[in-house]
Amino acid sequence: MRILQVSAELFPLLKTGGLADIAGALPLALLNAGQDVRVLLPGFPAIAAGIRDAVQVAEFSAPWGDRVRLVYGRIETPGAPDIPAYMIEAPWLYDRPGNPYEDVWRQPYGDNHRRFALLGYAAAQIANGLDGLWHPEIVHAHDWHAALAPAYLAFAPPTGRPRVHSVFTIHNLAYQGLFAAWNFAELGLPPGAFSIDGLEYHGQLSFMKGGLCFADRITTVSPTYAREIQTPEQGWGLDGLLRARSGVLTGILNAVDDQVWNPATDALIPHRFDLRKMVGKSRSKAALQQELGLAPQTAAPLFVLVSRLTEQKGLHLVLGGLDGLLEQGGQLALVGSGDGWLEDAFRQRAAATPESVSVQIGYSEPAAHRLFAGGDVTLVPSLFEPCGLTQMYGLKYGALPLVHRVGGLADTVVDATLEDMDSGTATGFSFEHFGADGYARAVRRAFSLYRRAADWRAVRANAMRRPADWAGAATQYLGVYAAALA
Ligand code: ADP
Ligand code: GLC
């Protein structure tokens with residue numbers, strides 16, 4: 001099957017969150033399954049720098065008139081095949097400081113509607129034959145940044161060739177790509193596309209609705225989240241539309257890229273380990289405590305947190321519960337960046353008790369790997385979580401996840417109750433009601449289990465054995481593509 005994956009980020013070139021991990025791993029899994037896959041990315045500097053042997057494929061005009069170049073090359077990935085990649089070259093749109101979406105003051109760029117409409121527009125152009133040598137049968141667009149691809153496809157004039165079908169994946173419904181209505185006029189779509197059955201959302205222009213209304217199939221990143229977004233509580237005003245389209249909506253759980261996240265082969269951690277040889281895990285913990293200036297106590301459970309620091313992630317529970325965690329003899333190590341008030345609050349806690357709290361503000365891939373390798377417990381108490389990847393990395397690295405039972409967290413972590421420990425299915429700690437009480441009880445449960453060394457080792461072994469490979473998820477995506485084509 002010829003498949004074009006469309007996303008704004010892709011690991012290892014550019015990453016602000018889990019979307020990049022998935023956008024990097026899914027094409028590889030599909031290539032390994034023998035499929036003909038290419039990706040399409042905006043020409044952000046980090047992406048332009050990472051595309052090898054780039055050649056110009058075509059020039060075309062954006063709907064608002066800019067002349068844009070499409071180039072084609074390949075992305076090298078360690079230990080895996082190259083990913084064939086198209087890139088949109090439009091430096092006046094993409095070559096800017098800050099992250100892909102915001103300027104250095106964390107304000108969304110004023111022309112984001114153009115910057116990301118162009119991504120969907122280019123995808124539809126490729127589908128309609130812009131590259132004379134290759135065109136896809138399936139366009140698979142990820143998140144609001146790419147969500148206009150299905151809309152442009154739906155309104156494209158007939159080409160005489162078989163119609164190209166589209167799949168849209170929601171990684172996070174909370175980010176919808178909302179813009180003032182007047183921006184619609186620039187997009188080159190017919191006026192009818194701006195309706196309640198199209199891109200109009202309470203008088204605004206919604207990119208997310210482009211994917212939800214016009215894609216042949218919709219997926220999201222866990223089965224539980226697929227159900228949750230059909231409820232008013234988690235539907236962000238789109239639950240009615242999602243219920244109406246529930247027949248074409250599937251939840252496919254994300255997986256873990258074993259080339260990047262495997263404690264037995266990870267070059268970013270000081271001591272490698274696997275289930276048969278766990279000494280590397282305790283050595284990694286000791287090395288981490290030393291590196292971070294934490295007290296060198298083997299007996300202190302080390303809680304780790306790798307996260308964007310935003311409301312979604314439930315971090316006020318961690319701040320509120322920190323005294324209790326420290327009183328019970330635990331330590332906390334965090335790497336994260338995001339909202340200023342959360343960064344400041346965590347910094348202050350580290351300054352007050354540096355021997356038991358370490359806080360690294362910023363983004364660091366190596367630090368993240370060392371935290372999972374050295375940690376005993378991975379904290380993910382998110383208010384909502386479409387899938388979540390850090391709890392899966394925690395499972396693989398034997399840093400038992402402690403999670404709020406929502407979304408993908410509910411689908412990946414089994415609470416260490418007596419019965420689930422007996423049946424060998426327990427893999428971590430989860431709490432039902434989002435609040436200080438539920439969180440505190442889960443933390444106490446982690447301490448209780450930690451004191452029972454044999455039980456801890458058994459649960460940790462369950463966690464590390466949990467299958468998380470991409471082959472299964474890739475098969476499910478192929479099923480969705482086949483359904484879209486039919
Ligand atoms: P989200 O996409 O909502 O941020 P996920 O759990 O799906 O949440 O993915 C987060 C990804 O970003 C993981 O790969 C995690 O390791 C990484 N990450 C988040 N913050 C940091 C950070 N400060 N440094 C390094 N990696 C980070
Ligand atoms: C989003 C979600 C996260 C998910 C990731 C990858 O960023 O917030 O839960 O794991 O996408 O699908």
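Reader: Is W456 buried or exposed?
Author: This is a predicted model. W456 has a relative accessible area of 4%. Buried means under 20%, so W456 is buried.

Reader: Which aromatic residue forms a pair with W456, and is that pair stacked or edge-to-face?
Author: The ring centres of Y450 and W456 are 4.9 Å apart. Their planes stand at 85 degrees. Planes over 60 degrees apart count as edge-to-face. The partner is Y450, and the pair is edge-to-face.

Reader: How many aromatic pairs does the structure hold?
Author: Rings pair if their centres lie within 6.5 Å. By that cut-off, the structure holds 24 aromatic pairs.

Reader: How are the rings of F116 and W144 arranged?
Author: Their centres lie 5.2 Å apart. The planes meet at 70 degrees, and over 60 counts as edge-to-face. So the F116 and W144 pair is edge-to-face.

Reader: How many residues apart are F116 and W144, and where does each lie?
Author: F116 is in helix α4, residues 112-127. W144 is in the loop between β6 (138-142) and α5 (148-154). Both residues are buried. The pair links distant parts of the chain, 28 residues apart.

Reader: Which residues do ring pairs link into a cluster with F116 and W144?
Author: F116 and W144 are both buried. Ring pairs link them into a cluster.

Reader: Which ring does the charged end of R96 sit over?
Author: The charged end of R96 is 4.8 Å from the ring centre. The cut-off for this distance is 6 Å. The ring belongs to Y109.

Reader: Is Y152 buried or exposed?
Author: Y152 lies in helix α5. Its contacts include A117, G120, Y121 and A124, as well as L187 and L189. Y152 has 6% relative accessibility, so it counts as buried.

Reader: How far apart in space are Y152 and F214?
Author: In sequence, Y152 and F214 are 62 residues apart. In space, the C-alpha to C-alpha distance is 8.9 Å.

Reader: At what angle do α9 and α13 pack, and what does that make α9 relative to α13?
Author: Helix α9 covers residues 279-292, and helix α13 covers residues 365-374. Their axes are 7 Å apart, at an angle of about 125 degrees. That makes α9 oblique to α13.

Reader: Which residues of α13 meet α9, and is the crossing left-handed or right-handed?
Author: From α9 come K281, S284, K285, L288, E291 and L292. They meet R370, L371, F372, A373 and G374 in α13. The crossing is left-handed.

How values were computed:
Residues numbered from 1 in each chain as written. Chains lettered and ligands numbered in written order. Predicted model: local features only at pLDDT ≥ 70, side-chain atom pairs only at ≥ 80, totals over all residues. Heavy atoms only, no water. Phe/Tyr/Trp six-rings, centres within 6.5 Å; stacked < 30°, edge-to-face > 60°. Helix = DSSP H or I, 4+ residues; strand = E, 2+ residues; numbered from the N terminus. Buried < 20%, exposed > 50% of the residue type's maximum accessible area, 1.4 Å probe, protein only. Lys NZ or Arg CZ within 6 Å of the ring centre and 35° of its normal. Axes fitted to C-alpha atoms, helices over the stretch in contact; angles between N-to-C directions. Parallel < 35°, antiparallel > 145°, perpendicular 65-115°, else oblique. Left-handed = near helix turned anticlockwise from the far one by under 90°. Contact = heavy atoms within 4.5 Å. Lists of a residue's contacts leave out its neighbours within four places in sequence.
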